[in-house]
Amino acid sequence: MRKLTLIASCVSAILTAGAAHAAVELIAESQVSGTYQDYSVETAGPLESGVPGNKLGGMGSALAYAGCNSFVALPDRGPNALVYNAAIDSTTSYIPRFHALHLSLAQAAAGASLPYVLTPFVTETTLLSSPTPLYYGDGKAYGVQNGKPALNQRHRSLYYFSGRSDNFDPGKPSTNPNNGRLDPEGIRVSNDGNSVFVTDEYGPYVYQFDRDSGRRLRSYALPAKFAVSKLSPLGDTEITGNTSGRVANKGMEGLAITPDGRYLVGAMQSPLIQDGGTNAPFTRIVKIDVRTGAVREYAYELTNIGTAAAPKYGTISEILAINNDEFLVDERDGKGLADNSKAGFKKIFRVSLKGATEVSQLTGQTQLAGKAPAKTLFLDVVAALSAHGYAAADIPAKLEGITFGPDISANGVTRHTLIVSNDNDFLETYVDDGHPQGGANPNRWFVFALDDSDLPGYKPQAIETTKNCSEDHRSWDEWFRWHD
């Protein structure tokens, strides 16, 4: 196993510098190997499945801009794609965390296939914890050790969250904030830069964590309709055992923060059970007042609603604020690289909540019909990557993170950037029918450039930074000297 010290892996993108810009364009792609381990050396021991507890994977589950060339990358509940114990959905005691990520764009050399080179560096890993006790399962019924993270014994004033699906209090609904299980799926940075907001699928929850320490600062309560009352470590059992609440493993997947920092806007991956579940057309978007915790709900109509044979087809993976009223929504299938299939549907839509109908008192497909605001296609990611030579079977299956990045300037033209990231499920390699010899399955990022005309009304989030962004443009030789 290789321990991560500094990571840099660059792949160029496909356009010519100075070319006319008429639409959203792919300008760079980069990756970090899935064989590395992150900076949390205290968690490096093997998990129940034998996978290192600090494996650097799943980084593209969520991605958020943090100012200058800084970002935060959020893995989900940890390595559970490797089957070892079906009774707990093969989840492990992986401690949820986020990584500080430095992404820098530089113009490529003449003759390069794309105009920019993206260079990623992971600089820090922060574990998520609670300053008050959490509920952990004892594991006896499932043939595993108790679900309490071993690190709790070393840091007795902290109670770490865990990916284990049995870490819940069976006597309380899934939105109990004291459950130890956490499946983080969305992350955004506060405007002051001091904290991060994280969504969770198990609850669903929205939590605020201190950015430096990873300690939970606040829980934002969602209405009771989002909770399930019969909890199980098996997602399928939770689905069949409840008549209302979020669908297991399809809870609050995406998170946006308005540029003024006042509202969090969370997106449910799939419709609630009482709204029709995975075969239904309307999922919910919640708008949370950061100061008061007040919640408003809106309907969102999925383009592909799924079928009984393929219920995972119509889902939301992320939501991103364009301004205080408008958002980009990432809808996708689960097909592509590492899924032994071909990517078919990964589209980013634009939607406005301004004047949209508030639906907190409405339930079911019939009542929600006609209440979802209109949306327009912003970017067909599969089409964009295919146009640049990517085979459908080579497009990552889980393109789950989207965020704006810093603007770029070339030849007197300033453009905005949009970065799309993939979740590699902590699987460093893959073998499938189309790739019988297998191959690497890295953490990846795709960078798109866009003009004001491509996204009218765009307003960047006002994030305070503690240093001059010009320092981020120093040469990488100098960057290495800083961190030697």
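This is a short chat about one predicted protein model.

Visitor: What should I know before I look?
Guide: The model is predicted, so local features need pLDDT of at least 70 and side-chain atom pairs count only at pLDDT 80 or more, while totals for chains, interfaces and linings use all residues. Residues are numbered from 1 along each chain as its sequence is written, and side-chain values use heavy atoms, with hydrogens and water left out.

Visitor: How many helices and strands does the protein have?
Guide: There are 5 helices and 27 strands. Both are DSSP runs numbered from the N terminus: helices are H or I with at least four residues, strands are E with at least two.

Visitor: And how much of the protein counts as buried?
Guide: 57% of the 484 residues. Buried means under 20% relative accessible area, exposed means over 50%, and partly exposed lies in between, using a 1.4 Å probe and protein chains only.

Visitor: Let's pick a residue. Where is Pro 96 found?
Guide: Pro 96 sits in the loop between β6 (70–74) and β7 (97–107).

Visitor: Is Pro 96 buried or exposed?
Guide: Pro 96 counts as buried because its relative accessibility is 0%.

Visitor: Which residues does Pro 96 touch?
Guide: Leaving out residues up to four places away in sequence, its contacts include Thr 126, Phe 161, Leu 182 and Pro 184. Contact means heavy atoms within 4.5 Å. As for Arg 77, 19 residues away along the chain, its C-alpha atom is 5.9 Å from that of Pro 96.

Visitor: Different topic. Why is β24 called largely enclosed?
Guide: Strand β24 (residues 413–422) has 8 of its 10 residues buried, so the rest of the structure largely encloses it.

Visitor: Which strands does β24 pair with?
Guide: One is β23 (residues 399–410), antiparallel over 9 bridges. Another is β27 (residues 443–450), antiparallel over 6 bridges. Two strands pair if DSSP finds at least two bridges between them.

Visitor: What is the order of the strands in the open sheet of 4?
Guide: The order is β15-β16-β17-β18, with antiparallel pairing. Its edge strands, β15 (252–257) and β18 (295–301), each pair on one side only.

Visitor: How many bridges join β15 to β16?
Guide: 5 bridges join β15 to β16 (residues 263–268). Gly 254, for one, has Ala 267 in β16 as its bridge partner.
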